[in-house]
Amino acid sequence: MSDGKSVKPGIMFIAAHQDDAEGLAGGLLSKLSKRLNPRGVVACLTDGSVGHYRTEFLKDPKKLNQIRDEEAKNAALIYGFKYQRLVDNNGESFKDGRLEVNWKTRGAVWKAIRDFRPDLVITLPVNDYTDPYGMHNDHTNVGEIVKNTAYLIPAPLAFPEYMSENIDDKDEFEYIPPPIIVTVHDPYSGKIQPDIVVALTEEELDQKVKAWGAHLSQWKEWLPWVGRYDAPSDTESLKKSLIARSHRLAQSLPIKPKENEVYESFTITKWALRVPTLDEIKRYFPDDVLDYRFAEKKIKELL
Ligand SMILES: [Zn+2]
């Protein structure tokens, strides 16, 4: 929690899949880990059991799940973050490709946020109905799940099936304030209206490449296979492919991308009725190439 300067800020990324955090916000997580020394966690909603092409994973889906959880754990460690895979109130995984907005998934997110008490949540955006390609439903559903749950974060009686607090010697629950929630610029989710565009330093880019590189089953195997392109052969070509991807996405941003610079962009929400201050945005999103002009405008609109 943010009350008291000695307390470390809590940063939580809520993902659909094991590699989402690195691809979409790995540079920001690196930035924050170095500047704020936060408590950090990457929370993932699905078991990642769709992201491969080998028949052995149909016979043994848990094997792919284990590989991907291990990759995500190693990636998160690079920023000093923990990795947590969310499960339902019976300990069951949510299957990749079938993520639904229902009380089970909402309860899992509610519990994760109440237990970890983040100051900032970074997650995927909600569906844009004008999106022409209709891509990954898990991604847009994560946005919907977080948005639909945000208002209930302080409400202790909302999901009793997920309650883990010991209430035996208490008359009332502790108030848990809702966090700031921002969404990433996700090419799977349609139109892009970012309020903040952070540029990565060379060091942050290297850390993002390293973290993304931990997801070997994805960048080296699954994504080239499904995208029908050649897999990067080493870290240097992986870095080049990340720069190229960032520049493609940057075409739709109000910036002139510099050669070899990588950008990540974010949209401020008012979910949970929590509007961040400009100082909070400056703290959590250093190096905004838009000079916080769009962020300031958005905050004014939301208040
Ligand atoms: Zn994903």
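Helices here are DSSP runs of H or I at least four residues long, and they are numbered from the N terminus. With that in hand, let's walk through this model, which is a predicted one.

Start with the open space. The largest pocket holds about 970 Å³. Three helices each give at least two residues to its lining: helix 1 (20-36), helix 7 (216-227) and helix 8 (235-250). There are 33 lining residues in the largest pocket, and if you want to find its centre, look for Tyr-188, Trp-212, Leu-223, Tyr-229 and Arg-245, which lie nearest to it. Sorted by class, the lining of this pocket comes out as 18 nonpolar, eight polar and seven charged residues.

Rolling a probe the size of a water molecule over the atoms shows where empty space is left. In this model the count is two cavities of 30 Å³ or more. The largest cavity has a volume of about 150 Å³. It has 15 lining residues, and Gly-23, Ser-246, Leu-249, Tyr-263 and Glu-264 are the closest to its centre. Helix 8 gives the largest share, with five residues. The classes in the lining of the largest cavity are eight nonpolar, four polar and three charged residues.

The second largest cavity has a volume of about 40 Å³. Around it sit Trp-110, Lys-111, Arg-114, Asp-115, Tyr-162, Met-163, Ser-164 and Glu-165. Its lining splits into three nonpolar residues, one polar residue and four charged ones.

Next, the metal. The zinc ion has three protein donors, namely His-17 through ND1, Asp-20 through OD and His-139 through NE2, at 2.1 to 2.2 Å. Along the chain, these donors follow the spacing H-x2-D-x118-H. So where does His-139 sit? You'll find His-139 in helix 5, which covers residues 137-150.

His-17 is buried because its relative accessible area is 6%. Asp-20 also has 6% relative accessibility, so Asp-20 counts as buried. His-139 has 3% relative accessibility and therefore counts as buried as well. His-139 makes a polar contact of 3.3 Å with His-17, and another polar contact of 3.3 Å links His-139 to Asp-20.

Take Ala-112, found in helix 4 (residues 103-116). Its relative accessibility is 4%, so Ala-112 counts as buried. Which residues is Ala-112 in contact with, leaving aside neighbours within four places in sequence? They are Met-12, Gln-84 and Leu-86. Ala-43 is 69 residues away from Ala-112 along the chain, yet the C-alpha atoms of these two are separated by 7.9 Å.

The other one is Asn-65, in helix 3 (residues 61-78). At 10% relative accessibility, Asn-65 is on the buried side of the cut-off. Setting aside residues up to four places away in sequence, Asn-65 touches Gln-18, Asp-47 and Arg-85.

Finally, have a look at two spots in the backbone. Ala-272 has a phi near 65°, a positive value in a residue other than glycine. Ala-272 belongs to the loop between strand 7 and helix 9 (278-284). Asp-291 isn't a glycine either, and it has a positive phi of about 55°. This time the loop is the one between helix 9 and helix 10 (293-302).

Are these two residues buried or exposed? Ala-272 is buried, because its relative accessible area is 15%. Asp-291, on the other hand, counts as exposed, because its relative accessibility is 57%.

Technical notes: Residues are numbered from 1 along each chain as its sequence is written. This is a predicted model: local features need pLDDT of at least 70, side-chain atom pairs count only at pLDDT 80 or more; totals for chains, interfaces and linings use all residues. Side-chain values use heavy atoms; hydrogens and water are left out. On a 1 Å grid over the protein atoms alone, a cavity is a set of points where a 1.4 Å probe fits but cannot get out, and a pocket is an open set with protein on both sides within 12 Å along at least five of seven lines; lining residues have an atom within 4 Å of a point. Grid points are joined across faces, edges and corners, and a volume is the space filled by probe spheres set on the points. Ala, Val, Leu, Ile, Met, Phe, Trp, Tyr, Cys and Pro count as nonpolar, Asp, Glu, Lys and Arg as charged, and the others, Gly among them, as polar. Donors are N, O and S atoms within 2.8 Å of the metal (3.2 Å for Na, K and Ca); water is not among the atoms, so sites may look incomplete. Buried means under 20% relative accessible area, exposed over 50%, partly exposed in between (1.4 Å probe, protein chains only). A polar contact is a pair of N or O atoms within 3.5 Å; within protein, one must be able to donate a hydrogen and the other to accept it, and residues adjacent in sequence count only if both atoms are side-chain atoms. Contact means heavy atoms within 4.5 Å.
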